[in-house]
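Open the structure in your viewer and keep the selection tool ready. The tour goes from an open space to the residues around it, then on to one helix.

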Amino acid sequence: MSTHFAIFILALLLAVIRSVIGTLSVDFYNQTCPNVESFVLAAVKKAAKRDLTVPAGLLRMHFHDCFIEGCDGSVLIDSTPGNQAEKDGPPNLSLHGFYVIDNAKAKIETACPETVSCADILAIAARDAVVLSGGPHWEVLKGRKDGRISNASDTINLPAPTFNVSQLTQSFALRNLSQFDMVTLSGGHTLGFSHCSSFNKRLFNFNSSNEIDPTMSHRFGTALRRKCPENNTNHSAGTFLDSSKGTFDNKYFIDIVEGRGIFSSDQDLFTDPQTKEMVITYAQNEHAFFSNFGNSMVRMGNAGIKTDADGEIRVKCRIVNPPSSSSFQSVSV
């Protein structure tokens, strides 16, 4: 291979990489807001001490943000009389922890006005939530702009807890994420909690032959029926998505292997031969899961990046900037 050809190939690869990650970089705010990560970490730590469910809420919020308009902070926007925003779409009604992002943003605006996007704050907060729960650390690429569009109707595009592996794979592929990323990121459910309504159909009258979904451990299903009776009227009733209850570890995969997946989408990762071996690997090797989870989170964080042309730096994360707010002009949702 000639030197000129090698240089051409290298330049081509670099161009491809730039097209994927845009202007994102680890040190994006080093000169303009060097303490941004400290501000975010302080806000997450303070909230997590008061409410142990905050880390799970922030991680889920970041997922749901990236899977709609891309990682652009659109999930943070409040509804208005003329527009129902993403956070009020049915799958997002149980999202919580928005105040954590508000608190971090307020501190950052005081130190670095109109500099750090809400989308970046959410991405950093999700990473910190994982670390504070015992999970891996990864470097968050920064430099996202905030989106101006947020529609509740778009939440229909979020992966459902009833999806099978093929449906999940297709959903992730739309965000340029592989099946490998899909299985790895599903491990984020180790911090999750679900209300009974999302899995009750697996517990009662599953089909003509089985009262409980046969892919679920019968003993486990019987225990869940006590938490979630058939005619449940307690809308806050539910269960953690794995047995470690708020600790970030590989217990989610261990539970799936043992037939204790909460959602059918979780359990299908083990019953489907396309993904079964990955689940077994992660169940046996927490280090492999941790290493891959950080890498997949970075890839997910590249989804739908906004530029100056279609984004802004929101002054307040809950509302788009008014047209005269700054050079990052916006339109109302």
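**Stop 1: the largest pocket**

Begin with the largest pocket, which has a volume of about 1,300 Å³. Bear in mind that the model is predicted. Rolling a probe the size of a water molecule over the atoms shows where empty space is left.

Next, select Arg-60, His-64, His-189, Phe-193 and Leu-241; of the 48 residues that line this pocket, these lie nearest its centre.

**Stop 2: the elements around the pocket**

Which helix gives the most to the lining of the largest pocket? Select helix 3, residues 54-66: this helix supplies seven residues, the most of any. Other elements that each supply at least two lining residues include helix 2 (36-50), helix 6 (165-173), helix 7 (179-186) and strand 1 (193-195). Helix 10 (264-271) also belongs to this group, and it is the next selection.

**Stop 3: helix 10**

Six of the eight residues in helix 10 are buried. Select them: Ser-265, Asp-266, Gln-267, Asp-268, Leu-269 and Phe-270. Now show helix 6, helix 7, helix 9 (251-257) and helix 11 (276-284), which are among the parts that cover these buried residues.

**Stop 4: Gln-267**

Stay in helix 10 and pick Gln-267. Is Gln-267 buried or exposed? Its relative accessible area is 2%, so Gln-267 counts as buried, the cut-off being under 20%. To see its surroundings, select Arg-202, Thr-215, Ile-256, Gly-259, Arg-260 and Gly-261, which Gln-267 contacts beyond its neighbours within four places in sequence.

Note on methods. Residues are numbered from 1 along each chain as its sequence is written. This is a predicted model: local features need pLDDT of at least 70, side-chain atom pairs count only at pLDDT 80 or more; totals for chains, interfaces and linings use all residues. Side-chain values use heavy atoms; hydrogens and water are left out. On a 1 Å grid over the protein atoms alone, a cavity is a set of points where a 1.4 Å probe fits but cannot get out, and a pocket is an open set with protein on both sides within 12 Å along at least five of seven lines; lining residues have an atom within 4 Å of a point. Grid points are joined across faces, edges and corners, and a volume is the space filled by probe spheres set on the points. Helices (H or I, at least four residues) and strands (E, at least two) are DSSP runs, numbered from the N terminus. Buried means under 20% relative accessible area, exposed over 50%, partly exposed in between (1.4 Å probe, protein chains only). Contact means heavy atoms within 4.5 Å.
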